[in-house]
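Visitor: I would like to learn how to read a structure like this one. Please show me one feature at a time.

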Amino acid sequence: MVADPKKNATDERLASLTLPQESGWLGSARQNALARVKATGLPGRRDEYWRYTNPAALVQADPGTTVGTPQADPFDAIEAVVIMVEDDRVTLTEDLPEGLEIMRLSDAGKADIHWARDIYGVLEMRGSGPVPRPLAMLNTAFATDGVVIRATGKIARPVHIRTVGKGDLILHHVVRVEAGASLTLLKSGTSGARANTVTEVDIGEGGALHHLRIQGPDHHRHVNTHVFVRQAAETTFKSFTLSANGQMTRNEAVIELTGDNAVSTTACAAFGKGDFHHDDTVFVTHDAVNCQSRQVFKKVLRDGATGVFQGKILVKEGAQKTDGYQISQALLLDDDSQFLAKPELEIYADDVACSHGSTTGAIDETALFYLRSRGVPKRVATDLLVLSFLAEAVEEIEDDGLREHVGACLADWLSQG
Amino acid sequence: MTALDDVQVKDGVAPDVRVKDGVDAETVEAVKGLSGTYKHGWNTEIEMEYAPKGLSEDIVRLISEKNNEPAWMLEWRLDAYRRWLKLEEPTWAMVDYPKIDFQDQYYYARPASMAVKPKSLDEVDPKLLETYKKLGIPLKEQALLAGVEPAAEDRKVAVDAVFDSVSVGTTFKAELAKAGVIFCSISEAIQDHPDLVKKYLGSVIPASDNYYATLNAAVFSDGSFVYIPKGVRCPMELSTYFRINAENTGQFERTLIIADEGSYVSYLEGCTAPKRDVAQLHAACVELVLLDDAEIKYSTVQNWYPGDENGKGGIYNFVTKRADCRGARSKVMWTQVETGSAVTWKYPSCILRGDDSQGEFYSIAIANNMQQADTGTKMIHLGKNTKSRIVSKGISAGKAQNTYRGLVSMHPKAKNSRNYTQCDSLLIGDKCGAHTVPYIEVKNNSSRVEHEATTSKVDDDQLFYCRSRGMDEEEAVALVVNGFCKEVLQALPMEFAMEAQALVAISLEGSVG
């Protein structure tokens with residue numbers, strides 16, 4: 001009998017976890033996910049979907065040790081409804097604006113009937129359709145807790161989930177934006193030794209969600225995230241992630257446009273050095289008429305850092321008038337860094353305009369020379385050019401205040417190196 | 001009857017009048033000259049000799065024996081065969097076809113008249129000569145390919161004609177020999193130039209390369225061999241024409257082209273097969289070796305029988321093509337027009353090993369009805385200052401699926417290298433699919449890689465413009481598509497460009513309305 005390293009790793013990881021004992025809908029969703037993850041197995045080095053990222057650090061039973069000190073939260077200055085998550089302890093606030101409902105996942109699971117039941121594990125399972133996402137399945141089965149949020153009106157104040165992790169964090173959030181409602185969701189924090197988070201987002205007709213996430217600048221981050229989004233007709237989903245430093249980051253976004261005239265934007269600005277490994281994996285499915293999807297991914301890599309982008313736009317038969325756009329760009333600041341990309345289109349409808357572009361190269365020597373000839377020191381000139389390169393992704397943030405805030409945060413971190 | 005004929009009768013106006021300024025009269029002419037959807041679907045009634053059906057070590061030995069091969073060649077084949085038994089059929093391509101029964105095929109079929117190899121073209125069975133004449137490739141040492149008006153200068157094309165499992169003849173051998181060029185079938189080369197074959201065969205595509213290449217290494221029956229000596233610019237274009245005729249027979253040919261230092265050759269490849277209800281297998285290998293300053297231009301018009309509109313029959317085309325730019329400043333250019341085959345699985349690649357070497361890939365892939373094409377290229381940059389360019393145009397119509405799959409890899413040592421990739425897909429009809437699967441791997445920062453891809457439908461404004469000038473819809477689509485493909489068509493040698501342009505129109509027939 002030949003040893004199967006993938007199966008061994010899966011067994012070992014599953015043995016290291018305990019399934020939360022819950023009855024009711026949450027319990028059965030967990031059982032379902034556990035069966036799926038057992039059948040699929042956790043990702044291995046030879047899986048095509050993990051071609052450019054070695055999943056070992058995310059899969060192995062030992063999460064590693066927690067390094068790093070808690071720092072000021074980048075969203076501290078933003079007035080928001082703050083939810084603190086310290087490991088598996090979720091602290092809610094009483095002070096909620098009208099039209100907003102927030103609960104712990106564990107509490108929602110105790111209710112016989114809860115709206116989250118139709119979303120928890122459901123969108124994750126849909127998103128595991130064409131390509132299995134076993135780390136998300138694992139999360140659905142073993143999530144220690146999470147936050148369930150429901151917006152029934154236009155909520156002006158953002159909701160801020162602030163996580164402080166220490167050990168091996170597995171969190172699962174569920175967001176429901178009802179028809180015509182809108183919400184801004186901020187996420188930040190430190191991941192601890194390792195974090196696996198899943199966020200499932202269901203947007204009802206005419207609803208809108210702005211999803212803004214900052215990862216970093218903690219250097220010892222090992223994190224994999226999944227955001228599953230289902231969009232009904234006339235909805236808007238806008239997501240932006242700022243990723244600074246970290247050793248292993250894999251952010252997966254799985255978006256399904258199920259209603260006509262929906263708009264979906266995903267953007268990320270990432271920079272790091274050395275053992276920084278940053279992987280953006282995006283899968284957008286167009287299953288309705290006249291939808292727009294847009295992805296803007298920018299990475300700046302130095303001192304042997306690795307950037308990965310896997311993006312796929314799937315346009316199903318009948319999804320006419322689709323407008324799909326995708327750009328992935330990397331700036332390699334030295335010869336040791338690398339960028340690996342797989343931008344894919346799979347199209348079954350004829351009346352569409354889909355395009356993707358991908359470029360990789362060094363910093364523009366002419367621009368650098370121009371700045372230096374005007375007396376700007378090389379380091380500052382490089383930072384300026386890096387900033388302007390990443391700014392194109394930051395531009396995707398719709399809210400002026402938040403955009404400026406994130407831009408300032410980015411500039412500050414860049415200047416610190 | 002083509003739609004063009006309809007127009008002629010319907011309007012009662014001379015077609016020349018309808019062709020206005022700016023409309024490519026040649027395109028319309030070329031389309032008009034061809035009728036029926038697949039014009040090479042006939043077969044030649046000829047007495048054939050088959051090896052027993054199925055695949056085994058004995059069959060491998062038999063093929064080797066038929067070609068009178070030395071022991072080392074047989075060993076190479078057997079080694080490949082044993083490897084192949086352990087391999088699994090790849091499933092990653094976006095193609096879907098019933099499982100191939102490798103035991104339900106003939107691996108060797110030759111016309112009975114070829115049992116004794118003809119010493120010259122005069123001795124070749126007239127039926128075979130007639131076949132090639134009918135295909136527009138007369139096997140006489142005439143100056144030109146049929147259908148092309150004489151050009152100002154004397155253009156010659158030498159042809160190696162492969163019929164099922166054997167090469168039936170090679171033209172202009174003597175004249176090429178004067179320049180030092182060796183152009184013959186690979187089975188002859190194994191006899192006459194064993195040192196060259198031994199040195200280069202399998203050096204670009206090892207016998208262990210992939211499932212179909214390994215199968216090919218075990219059972220290849222013939223193919224073409226070219227050697228261009230140092231500093232020689234091949235005095236004429238070389239070509240190979242592959243014809244599958246026998247039923248239930250796979251064609252496995254192997255082509256090896258060696259361009260020594262400072263040499264140049266332009267090589268053309270064409271292929272057709274009769275219409276049959278049962279799908280047939282074609283698994284070829286093409287190896288190109290380029291030494292310092294050498295240049296090879298390799299052009300293919302692939303027009304295997306695509307199967308009928310319900311997906312019955314057609315050729316399963318699994319081809320491994322690779323060029324190794326070993327020498328500095330060497331340059332290779334792949335140009336392909338893929339219109340035929342029920343299933344295409346083909347990725348002509350360039351290994352840019354020599355410093356300053358260049359690779360180019362121009363492709364048009366058309367899939368209509370139930371055709372499936374998964375094709376693209378690999379550009380592997382290993383040397384410094386290497387350059388590559390990829391222009392791929394995919395057109396899907398009917399219920400066809402068309403995929404571009406490619407790799408651009410910049411190794412850490414490939415400093416100052418450059419790649420530009422453009423993949424455009426065009427969809428005609430709402431039941432077909434167009435897919436793009438590029439892999440981009442950049443491992444140094446002095447190189448620049450740019451990739452862009454678009455997918456769209458035939459532009460309504462352009463169609464309307466053509467229609468308002470009196471063209472019918474099919475004609476208008478053909479014209480717009482030819483415009484879409486222009487960049488690639490221009491990269492083809494003249495004779496092929498003509499044929500390709502006409503083929504684009506033919507392959508799309510019945511795709512509108």
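Visitor: How do helix 5 and helix 10 of chain B lie relative to each other, in angle and distance?

Guide: Two packed helices are described by the angle between their axes and the distance between those axes. In this predicted model, helix 5 (residues 71–86) and helix 10 (residues 211–219) of chain B have axes that come within 7 Å and cross at roughly 145 degrees.

Visitor: Is the crossing of helix 5 and helix 10 of chain B left-handed or right-handed?

Guide: The crossing of these two helices of chain B is left-handed.

Visitor: Which residues meet there?

Guide: From helix 5 of chain B come B:Trp76, B:Arg77, B:Ala80, B:Tyr81, B:Arg83 and B:Trp84, and they meet B:Thr214, B:Leu215, B:Ala217 and B:Ala218 of helix 10 of chain B. Sorted by class, this contact has seven nonpolar, one polar and two charged residues.

Visitor: What does UniProt list for residues 176–234 of chain B?

Guide: An unreviewed UniProt entry lists that stretch as "domain: SUF system FeS cluster assembly SufBD N-terminal". In the model, residues 176–234 of chain B are 44% helix and 15% strand, with the end C-alpha atoms 8 Å apart.

Visitor: Now chain A. How do helix 8 and helix 9 of chain A cross?

Guide: Helix 8 (residues 378–394) and helix 9 (residues 400–416) of chain A have axes that come within 11 Å, crossing at roughly 150 degrees. Helix 8 of chain A is therefore roughly antiparallel to helix 9 of chain A. Their crossing is right-handed.

Visitor: Which residues of helix 8 and helix 9 of chain A meet?

Guide: On the helix 8 side of chain A they include A:Asp383, A:Leu387 and A:Val394, and on the helix 9 side of chain A they include A:Arg403, A:Gly407 and A:Leu414. By class, the contact between these helices of chain A has nine nonpolar, two polar and two charged residues.

Visitor: How many bridges join strand 19 of chain A to strand 23 of chain B?

Guide: Seven bridges join strand 19 of chain A to strand 23 (residues 448–457) of chain B, and the two strands run antiparallel. To find a place to look, take A:Thr360, which stands opposite B:Val449 in strand 23 of chain B.

Methods
Residues are numbered from 1 along each chain as its sequence is written. Chains are lettered from A and ligands numbered from 1 in the order in which they are written. This is a predicted model: local features need pLDDT of at least 70, side-chain atom pairs count only at pLDDT 80 or more; totals for chains, interfaces and linings use all residues. Axes are lines fitted to C-alpha atoms, for helices over the stretch in contact, and angles run from 0 to 180 degrees between N-to-C directions. Helices (H or I, at least four residues) and strands (E, at least two) are DSSP runs, numbered from the N terminus. Angles under 35 degrees count as roughly parallel, over 145 as roughly antiparallel, 65 to 115 as roughly perpendicular and the rest as oblique. A crossing is left-handed if the near helix is turned anticlockwise from the far one by less than a right angle, and right-handed if clockwise. Two residues are in contact if their C-beta atoms, placed from the backbone, lie within 7 Å. Ala, Val, Leu, Ile, Met, Phe, Trp, Tyr, Cys and Pro count as nonpolar, Asp, Glu, Lys and Arg as charged, and the others, Gly among them, as polar. UniProt positions are given in the numbering used here, feature names are shortened, and annotations may be inferred rather than shown by experiment. Two strands pair if DSSP finds at least two bridges between them.
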